[in-house]
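Please examine the sequence and the model before reading the solutions.

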Amino acid sequence: MRRLSLVVVAVAGAVGLVFGSTAVAAPSGPRLAQRYLNLHQCVYYGSGGHYTNVLPNTADAHFNTGTNVSNAPDTSLSCGPGDGAWRQALANSAVKAFDLTAGRYLNLHQCVYFSGGQHYTAVLPNTPNVNFNAGTNVSDTPDTKLNCAPGGGGWNLVLANSAVRSFDLATHRYLNLHQCVWTSAGMYYMGLLPNTPNVNFNAGSNESDTADTALSCHPGGGGWSLDGAASAVRALG
């Protein structure tokens, strides 16, 4: 499998309007040029466990997703077909259109589950497999508490690799999503967030007025190494 690119989303902010000598603040809200962040979570399974991709621009187009920003909400999931022994897991895949006018913060919850050496990463709240859903949302309040379903079927939540990060989209133009994928013995683990306790597996996702073009991933460890072909960065704005 190849490296995955992580994409960052940009948000357009309000500008004060001046009438005569009186400054009138425009309504608060996201600075993204488009209203919706359409986040597609595509999950594949094979002999190496589960593999999650959320980006549309990885080197291996067979695993790319339809993640985009638009003035229209996506209602149909868009995932590459996979290849070889890797098949799409529809029960764990979904698309969610986040309305960026609904709040200041994109609260991205990264929930990582573990079973028998395999890792599975989930970020969306609306997959059919509800035992593995995450609390990702848009709100005027930053989330400070991780919200993950408990898992099941021998899969347990791994708190060391899970986290929540509130991206302030009202004050920055881009959401730069860095998708980092590490591999060990044919298994794969994907991370998006920069603030998990397991710092060797953190990614450089951030909000900024500048679009990131260089992927930022920590090196991994414990026999896990970065898979450059499956990792990528995407600036959404």
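## Disulfides and their surroundings

Cysteine 111 is buried, its relative accessible area being 0%. The model that gives this value is predicted.

**Exercise 1.** Determine which cysteine is joined to cysteine 111 by a disulfide, and describe the bond.

*Solution.* 
1. The partner is cysteine 148, with an S to S distance of 2.0 Å. A disulfide is assigned to cysteine sulfur atoms within 2.5 Å, and the pair of cysteine 111 and cysteine 148 is accordingly listed as one.
2. The torsion about the S-S bond of cysteine 111 and cysteine 148 is about -90°, so this disulfide is left-handed.
3. Cysteine 111 belongs to strand β9 (residues 105-115), whereas cysteine 148 sits in the loop between β11 (137-139) and β12 (151-152); the pair therefore ties together parts that are 37 residues apart in sequence.
4. Buried means under 20% relative accessible area. Cysteine 148, at 17%, is therefore buried.

**Exercise 2.** Carry out the corresponding analysis for cysteine 180 and cysteine 217.

*Solution.* 
1. Cysteine 180 and cysteine 217 form a disulfide with their sulfur atoms 2.0 Å apart.
2. The S-S torsion of cysteine 180 and cysteine 217 is about -90°, which means that the disulfide is left-handed.
3. Cysteine 180 is located in strand β15 (residues 174-184) and cysteine 217 in the loop between β17 (206-208) and β18 (225-226); the pair therefore connects parts that are 37 residues apart in sequence.
4. Cysteine 180 is buried, at 0% relative accessibility. Cysteine 217 is partly exposed, at 21%.

**Exercise 3.** How many disulfides does a search of the whole structure find, and what is the pairing of the bonded cysteines in sequence order?

*Solution.* 
1. The search of the whole structure finds 3 disulfides.
2. When the bonded cysteines of the chain are numbered in sequence order, the pairing reads 1-2, 3-4, 5-6.

Technical notes: Residues are numbered from 1 along each chain as its sequence is written. This is a predicted model: local features need pLDDT of at least 70, side-chain atom pairs count only at pLDDT 80 or more; totals for chains, interfaces and linings use all residues. Side-chain values use heavy atoms; hydrogens and water are left out. Helices (H or I, at least four residues) and strands (E, at least two) are DSSP runs, numbered from the N terminus. Buried means under 20% relative accessible area, exposed over 50%, partly exposed in between (1.4 Å probe, protein chains only).
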